[in-house]
Structures are given as structure tokens and as C-alpha cells.
Amino acid sequence: MVRTLAAFTATISVMDPVPDTAPGSSQEALAVVAGIEQLRAGIAALDASWQVTTENRIRESDAAHDVREQDQGRAAAHEVALARRISPSSSSMSLASARRLVAQMPATYLQLAEGRLPERNVQAITRALDNARPETCALIDQWVEEDPTRMDGLGTRRTTQLVREMAQALDPGDSRARAERAARKRNVTMEPLGDGMARISATLRALDASAVMKHLHAGAEASRAAGARDSFGALQADHLVASIVGGPTELDPTLPAPTASAPGARLDVGVVITDRALLGCADEAEHARIEGYGPVPAHIITDALLGRPPGTITPKAPERGCGEHTDTSAAAVFRRLYSHPVTGELVAMESRARAFPVGLARMIRWRDQTCRTPWCNARIRHLDHIAPHARGGATSYDNGQGLCARCNYLKEHGQWSVHRTTTPSPVASSPVAPSPAVDPTAIRWASPHGARGISPTPPSEPPPPPRSAQLEPPPGPTHEHGATSTPPTPPRLEFDDPPF
């Protein structure tokens, strides 16, 4: 409470704290915003210390229950993830940074607790030291303690660069080992964006990344010279796709040809789309789901099947008739899938084998879309029995779930409770809902030490829109030209007699 009071009465980043500003002034508003940011830093320090405390107590509990020493505390980040309602991957990185900050950098921790260093900058410091030895972290912490103002005004990128340069200078002998550890973490990730787009990010060795960019630059230059009218960045993106999955592209004959796959090779990418969108005229109102991506407007899929994906600069194609479908060079395989009319969940199938057959595994992957651990966004790597097969769990659609490798391994560590259940459906009480109403299914998780979470089964179709498609104007008086009235002024913070 003392730090809460200090955040608003001794605010660092404004000239006058809240009590010294005029009510309703812009200075008051800025002081409140600055105080909240300073308070956020103090809460971040408290959060870091309690994350470490939680890990230590879970480790002690595991030791008391005769868990093997190498496995003690192994699932701590997973349990903290449930308690904080974040993904296990984010929890693991956050816990590692907290451990480094609390145990190895006490001066930096104090600067964060007092609000003198912003939370994002402290995170940049601890993550830049991810591969550094404890001795290096202690030396950089000493450097921060000598003059904390050295970090004033630095953005997160400059902070990261500065700390990495210092770590290299302080511990040059460990440079090769750090480079080896960093290279083992190379990876490729995909982030879904809006309107059917996605961002693919690759963490590569610096030389490999430079070579890739030079290759894409040369390919885009060749396409531009051949008369392509797309932007240079779009041409680089097209060349990247053509180099990996094959397909037509205009390349300079002196450039190395793509070798990853032959043009026209078929890749099995699952797409869940309604027959209404595939064969009807309402694809602008429908959604489809792409395996590993998520929902997209259905017309993106149907236009791609017709050979005119969005962003293609081609002569205007004739309008498509209702029910017409033209499968050009997509080489797609269509399988009919059915969903429940109320919950929207895909229908089930089952097997007597322990391993999930290919068709059943594909259905589970298409249904779950991402790892079914609560708050986890990772891609599905393993198929898991919710009720373990060793305890009589069936190899069925209802008893299967898709998990990432990390979550599947940690699920077997300790006494985790994972079971299938139902969640109350809002459509069950709707007067227009079909009868009888069926509640959607979900998977409930509970950790050995009391954290819990729920993972609803994703519907194959988006939920229905509100009854009225017409947006109602916001309540309250309006001015001319449709401008709404000024929002109410938030209450002023008073510190004459604080209740602390």
C-alpha cells in the first residue's frame, strides 16, 4: 500500500503528482497515467518474487512426496500458467526471467519495485541475458546499481542491444557456448492475422537469414524485371512460397531453381468449410477454418480455388454463378464433415486401437485447432487420451485431444486431473434455440497443487450473430453530425486521507 501511495504522490515521470494538479486538468490526467505505469512496475516486481516463491514451494512439495530429484518442480511453470491464465510457453519464459531477476539481479529488482525502471525494460534486460552465466548477470546488475539513470530514455530494443554488448564484453570466453545454445533455439512460427493473412517468423542463424533475404530480394528483382506489377514486398513473399511449396513464378534463369518441392505438388492442408459457402452464393457471410491457422472469410477459400486469391493483380474475372465450382490447379481433396446443429462441434468417430488412426487423428486436429491445454496457443504435435488408455480410456473422438509436445509430457508429471465435461450453453435458454438444447463440451484441467482451467471445444462454425444485424446507436445525447457527447470525467484521486 505504501508503494501504491508513492506511485501517485511521488510520481517519477511527471513534474507534478496527482495531489498537486488542478482537478479536471490535463496535468491531472497525465499524472494518473504515469502513476498507474509506476504502480504496474511495482506489481511486476511482486509478481516476479511470487513466481519464484511458487516454484520453490512446488519443488519442496514434490520432494516431500518422494518425487525424483530431477523431476522436482518440473511442472511448476505449467501450474503457474494455469493460475496466471497464460500459455505454458509464456509462463516458462516469464518464470525464467523472474528467477534471474530475483536471484541474480537484486539491484535491478529493487529499481523495478520502486517504479524507477519500467517493466518492459526490465524484461528486455532479463531476456537479453537468457544465455548468460550468473556471474555476468551479477556484473550487469552492479552496473545498473552504480547509476540507474544510464537506462533512462532507452527503448526496449536499445536496452537489449546494450545488455547483449555488455554481456559479450564481460564474458567473451563463453561466446561460443552462448552461440551454440542460441542456435539450438532456431525455429519457425506462424501468427494468424486478420482478413486471411498470416505472419511467418523464422529465428535463424544470422548468415542463413542474410542468405535467405538476398535470395528473396534477387527473386523479386527478377519478377519485377519480367513485368510483375505487385509491390516488391509482395513479390518477395510470393517467391518465398514458390521456393518452398512449388508453383509458377518468374525467376531469372541464372538463379538457383527452387528444390524443396516440385511445382504442383499437393500438400495436405485441412480446410473446414460449409457446403453453403462452397457451393452457394453467401461466401461473404460464411467462415472457413484452415488447419493450423483458424477462421478466415469463406470467400478467400472459394476465390483461391477459382485461381484468383486476394491480392492477385489479374484481369477481372467473370462473376461466378450460384452453385458453380471450378477446381483449377488446387489439387484439393474434399471430405464431407458434419457438425452438431446446436453446438457446432464436429461429429465423432472411434477406434479400438490404442494409437489414433489417420482419419480419426485428422478429425481431432481439425476440431481442436491448437493445443487443448487452457491458454496454450501452440500447434498440435501429439494426440492424447483424456482418460488414459492404460485405465480403460477409449481411442475415440470424444476421449481424444490434441496437445503440444510440452503439455503432453507434463500432463503425465504428478497427479493432474483432466476430464471431459459440458459447459452451459447460452443458446440453451434462447427462445429461438432448437429443442432439446445440447451443451457444448469442454476439458477441465486441475494441477496437483490446485490451479485449474477449462478448455472449451472449438465449434467448427462461428457462433450466430445477434438477433438484430442493425447496430444500435450508443445511448445519450448526441451533437450535430452524429458526434456523441463527451464521456463522463473519471473520479479524481484524493490523497488527503488515504485509506492505507
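How are H3 and H4 oriented to each other: roughly parallel or roughly perpendicular? They are roughly perpendicular, with axes that cross at roughly 110°. Keep in mind that this is a predicted model. Below is a quick tour of that helix pair, some salt bridges and a nonpolar patch.

**Helix packing**
- The axes of H3 (residues 76-84) and H4 (residues 88-104) come within 8 Å.
- On the H3 side, the contacts are made by Ala77, His78, Val80, Ala81 and Arg84; their partners in H4 are Pro88, Ser91, Ser92, Ser94 and Leu95.

**Salt bridges around Asp130**
- The count comes to 19 salt bridges, and Asp130 takes part in a pair with Arg100, with the closest N and O atoms 3.3 Å apart.
- Asp130 sits in the loop between H6 (119-128) and H7 (134-146) while Arg100 is in H4, so this pair ties together parts 30 residues apart in sequence.
- Arg100 is buried at 11% relative accessibility, whereas Asp130 is partly exposed at 36%.
- Asp130 also pairs with Lys185, and here the closest N and O atoms are 2.6 Å apart.
- That link spans 55 residues, as Lys185 lies in the loop between H9 (175-183) and S1 (187-192).
- Lys185 is partly exposed, with a relative accessible area of 43%.

**Other salt bridges**
- Glu114 pairs with Arg116, the closest N and O atoms being 3.4 Å apart; Glu114 is partly exposed at 37% relative accessibility.

**Nonpolar surface**
- Val188, Met190 and Ile200 make a nonpolar surface patch of about 290 Å².
- Ile200 belongs to strand S2 (residues 198-203) and is exposed, at 58% relative accessible area.

Note on methods: Residues are numbered from 1 along each chain as its sequence is written. This is a predicted model: local features need pLDDT of at least 70, side-chain atom pairs count only at pLDDT 80 or more; totals for chains, interfaces and linings use all residues. Side-chain values use heavy atoms; hydrogens and water are left out. Patches are made of residues with over 30% relative accessible area and no salt bridge: like charges are joined within 9 Å, nonpolar side chains (Val, Leu, Ile, Met, Phe, Trp, Tyr) within 5 Å. Accessible areas come from the Shrake-Rupley method with a 1.4 Å probe; for residues, only the protein chains shown count as cover. A salt bridge is a side-chain nitrogen of Lys or Arg within 4 Å of a carboxyl oxygen of Asp or Glu. Helices (H or I, at least four residues) and strands (E, at least two) are DSSP runs, numbered from the N terminus. Buried means under 20% relative accessible area, exposed over 50%, partly exposed in between (1.4 Å probe, protein chains only). Axes are lines fitted to C-alpha atoms, for helices over the stretch in contact, and angles run from 0 to 180 degrees between N-to-C directions. Angles under 35 degrees count as roughly parallel, over 145 as roughly antiparallel, 65 to 115 as roughly perpendicular and the rest as oblique. Contact means heavy atoms within 4.5 Å.
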